[in-house]
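This briefing covers aromatic pairs, a surface patch and a few distances along the chain. Please keep the structure in view while reading.

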Amino acid sequence: RAFEDLGDGLVSFHEAQKITEVPFPFPYTISLQVLLITHYMVTPVVIAQWSDYWFWVGGFCFVGTFSIWLFAGLAIEMDLPF
């Protein structure tokens, strides 16, 4: 039973290793960066039209933009962990 579990673990490890060896598509990476920069530039304009208070505009812009850049950075880091 123990050797069967070890064998299953080794098979799962090799399946996961195959995933890390497949590179992330370059055009997708570039389009993601373009969308992030577009979002970074458009968000203050849109939120400034929604609110009359500058501190809410700054807060919403910072939180929204920072969270999206954070998730993009995490995705890049997960793609190349080592």
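**Surface patch and aromatic rings**

Val-46 counts as partly exposed, because its relative accessibility is 32%. The model is predicted. In it, Val-46 sits in helix H2, which covers residues 26-50.

**Nonpolar patch**

- Val-46 belongs to a nonpolar surface patch together with Ile-37, Tyr-40, Met-41, Val-42, Val-45, Trp-50 and Trp-69.
- Together these residues have about 860 Å² of accessible area.
- Helix H2 contributes the most to the nonpolar patch, with seven residues.

**Aromatic pairs**

- A pair of aromatic rings is described by how far apart the centres are and by the angle of the planes.
- With ring centres within 6.5 Å as the cut-off for a pair, the count is five aromatic pairs.
- Trp-54 and Phe-55 are an edge-to-face pair, because their ring planes stand at 85 degrees, with the centres 5.9 Å apart.
- Trp-54 is exposed, at 71% relative accessibility, whereas Phe-55 is partly exposed, with a relative accessible area of 46%.
- Phe-62 and Phe-66 are a stacked pair, because their ring planes are at 15 degrees, with the centres 5.5 Å apart.
- The angle of 15 degrees falls under the 30 degrees required for stacking.
- Both Phe-62 and Phe-66 belong to helix H3 (residues 54-79), where they are four residues apart, about one turn of the helix.
- Phe-62 has a relative accessible area of 57% and is therefore exposed.
- Phe-66, at 48% relative accessibility, counts as partly exposed.

**Aromatic cluster**

- Which residues form one aromatic cluster? They are Tyr-53, Trp-54, Phe-55, Trp-56 and Phe-60.

**Chain start and distances**

- Arg-1 lies in the segment before helix H1 (2-21).
- Arg-1 is exposed, with 73% relative accessibility.
- From Arg-1 to Ile-76 the C-alpha to C-alpha distance is 38 Å, and the two residues are 75 residues apart in sequence.
- Val-46 and Phe-24 are 22 residues apart along the chain, and their C-alpha atoms are separated by 32 Å.

Note on methods. Residues are numbered from 1 along each chain as its sequence is written. This is a predicted model: local features need pLDDT of at least 70, side-chain atom pairs count only at pLDDT 80 or more; totals for chains, interfaces and linings use all residues. Side-chain values use heavy atoms; hydrogens and water are left out. Rings of Phe, Tyr and Trp (its six-membered ring) pair if their centres lie within 6.5 Å; planes under 30 degrees apart count as stacked, over 60 as edge-to-face and the rest as tilted. Buried means under 20% relative accessible area, exposed over 50%, partly exposed in between (1.4 Å probe, protein chains only). Helices (H or I, at least four residues) and strands (E, at least two) are DSSP runs, numbered from the N terminus. Patches are made of residues with over 30% relative accessible area and no salt bridge: like charges are joined within 9 Å, nonpolar side chains (Val, Leu, Ile, Met, Phe, Trp, Tyr) within 5 Å. Accessible areas come from the Shrake-Rupley method with a 1.4 Å probe; for residues, only the protein chains shown count as cover. A salt bridge is a side-chain nitrogen of Lys or Arg within 4 Å of a carboxyl oxygen of Asp or Glu.
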